[in-house]
Amino acid sequence: CDHGRLNWKYVHGEDRLGLAHVKQGGKLVPAEFDDAVAKAHSLVNKLVTTSGGDALFGLVSARYTNEEIYLANRYLRETAGTPNVDLKERTGEADDFLVVADKNPNTKGARLIGIGPDDGAIGLAGFAEAVKAGAIKAAVLFGEDLDDDPDALAALDALDFLVVVDYRLTETAKKADVLLPGVTRAEKEGTIVNVDGFVSKLNVA
């Protein structure tokens, strides 16, 4: 579509992240990528050991490829052991021909892979209240932000820690204790599943 073909300037945007960062003294400072990953993993492991996987919330972008979603889901559910995994819905105008209301390119793939809270677990809709109640103590956000959700964005300040993987410095990313740079859709290969269930392959631009 025209939006997909013409909407590319963000790839070279001023808010692009090129380096990993960790928070020191209340400020994000550049760090070696491997060191930042190790820091994030250490924080998650400590939380799981002391509070259990139920204290962690995971958000996985439905803009990710199936392959990225699969790996993020495995980390959250198998390594961290959390049932609190969700995606952020994006909706907009639709028509009766080609344009659908779902503005995420891979919601179908994410749901098929298993993104969504388990029965009785915490999803994005209940995230802010769960943080306030002390049920959620930390979060890992894969390729996603909460900039358009004031309550959820404010709740991030009450977490023990926040890990964010993203390609740009959002307001959400600024609150991270560990910030890992991601890539845009123009810089990766993979597959997505459209609303009709058909698989499409993405190639590096």
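Predicted model: local features only at pLDDT ≥ 70, side-chain atom pairs only at ≥ 80, totals over all residues.

Colleague: Which residue in β7 is the bridge partner of histidine 21?

Modeller: That's leucine 179.

Colleague: And what packs on the sheet there?

Modeller: Helix α2 (residues 33–51) does, touching β1, β2, β3 (56–60), β5 (138–142), β6 (161–166) and β7. The direction of α2 makes about 135° with that of β7.

Colleague: Okay, back up a bit. In what order do the strands sit in the sheet?

Modeller: The order is β2-β1-β7-β6-β5-β3-β4, seven strands in an open sheet with mixed pairing. β2 (27–31) and β4 (85–86) are at the edges with a single partner strand each, so one side of each has no neighbour in the sheet.

Colleague: Where does helix α3 lie?

Modeller: Helix α3 (residues 66–79) lies across β3, β4 and β5, and runs at about 175° to β3.

Colleague: Switching topic: what volume does the second largest pocket have?

Modeller: About 170 Å³. Its lining includes Val37, His41, Tyr75, Phe142 and Leu180.

Colleague: Which elements give two or more residues to that lining?

Modeller: Those are α2, β5 and β6. The largest share, four residues, comes from α2.

Colleague: How does the lining divide into nonpolar, polar and charged?

Modeller: Nine residues of the second largest pocket's lining are nonpolar, one is polar and none is charged.

Notes: Residues numbered from 1 in each chain as written. Heavy atoms only, no water. Pairing = 2+ DSSP bridges. Contact = heavy atoms within 4.5 Å. Axes fitted to C-alpha atoms, helices over the stretch in contact; angles between N-to-C directions. 1 Å grid on protein atoms, 1.4 Å probe; cavity = no way out; pocket = protein on both sides within 12 Å on 5 of 7 lines; lining within 4 Å. Points joined across faces, edges and corners; volume = space filled by probe spheres on them. Nonpolar A, V, L, I, M, F, W, Y, C, P; charged D, E, K, R; others polar.
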